[in-house]
Amino acid sequence: MPFDVSVIIPTFNRGALIGATLDSVLAQSHQAAEIIVVDDGSTDNTADFVGRQYPMVKLIRTANFGAPHARNIGAGASHFEWIAFLDSDDLWMPDKLKAHARLAELAPEVSYAFSNFRIIDGQQWRSGTKFDEAPAGFFELRGCRPAPGFFVCEEPIQRRILCFQPD
């Protein structure tokens with residue numbers, strides 16, 4: 001089964017940053033089936049910039065109700081089974097979607113996934129990752145490893161994610 005994914009990017013006044021975000025999505029080794037930017041009432045040039053520089057991106061403009069509302073608008077407009085959320089000031093490493101596609105192939109029963117990431121300070125990537133910051137015991141879960149670098153959790157993790165957001 002193909003891994004067709006809609007990338008949903010809520011944004012508000014990110015005209016100076018969203019180009020790099022979109023470039024990181026377009027540079028994926030596994031291409032997104034669609035990219036949806038939901039402009040949450042920006043008062044800068046965000047919508048104009050996206051519309052002019054990225055005509056392949058579906059742009060939805062809405063009144064400012066916040067990022068969660070914008071994510072829901074984007075998810076409602078998507079056309080594919082898989083949805084990936086990306087903040088408009090974040091970048092993806094080139095193989096992020098490829099890794100998620102591989103996981104979907106290895107473990108088709110998986111209904112959601114998250115991955116590790118690093119923070120950029122200015123122009124410098126931090127050496128540690130978000131997973132390095134996880135509280136003690138966060139990843140002590142019942143599960144299996146279908147391949148190196150992948151873990152499929154076999155127990156509810158929602159409560160843990162409410163206390164520590166990996167991605």
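In which helix is the place of His 100? Select His 100 to begin the tour of this predicted model: the residue belongs to helix α4, which spans residues 96-106.

**First stop: His 100**

With His 100 still selected, consider its accessibility. Its relative accessibility is 14%, and His 100 therefore counts as buried, since the limit for that class is under 20%. Next, display the residues around this side chain. Beyond the neighbours within four places in sequence, His 100 is in contact with Phe 3, Ala 113, Phe 114 and Ser 115.

**Second stop: the largest nonpolar core**

Now select Val 7, Ile 9, Leu 22, Val 25 and Ile 35. Among the 21 residues of the largest nonpolar core, these five touch the most other members. At least two residues of this core come from each of β1 (5-11), α1 (18-26), β2 (34-40), α2 (46-53), β4 (82-85) and α4. Helix α4 is also where His 100 is placed.

Within this group, centre the view on Ile 9. Residues up to four places away in sequence being set aside, Ile 9 touches a list of residues that includes Ile 18, Thr 21, Leu 22, Val 25, Ile 35, Ile 36, Val 37 and Val 38. Leu 86, Asp 87 and Ser 88 are also touched by Ile 9.

Finally, select Ala 77, which lies in helix α3 (residues 67-77). Is Ala 77 buried or exposed? Ala 77 counts as buried because its relative accessibility is 17%. Apart from neighbours within four places in sequence, the contacts of Ala 77 are Glu 34, Ile 36, Lys 58 and Ile 60.

Methods
Residues are numbered from 1 along each chain as its sequence is written. This is a predicted model: local features need pLDDT of at least 70, side-chain atom pairs count only at pLDDT 80 or more; totals for chains, interfaces and linings use all residues. Side-chain values use heavy atoms; hydrogens and water are left out. Helices (H or I, at least four residues) and strands (E, at least two) are DSSP runs, numbered from the N terminus. Buried means under 20% relative accessible area, exposed over 50%, partly exposed in between (1.4 Å probe, protein chains only). Contact means heavy atoms within 4.5 Å. A nonpolar core is a set of buried Ala, Val, Leu, Ile, Met, Phe, Trp, Tyr and Cys residues joined through side-chain atoms within 4.5 Å.
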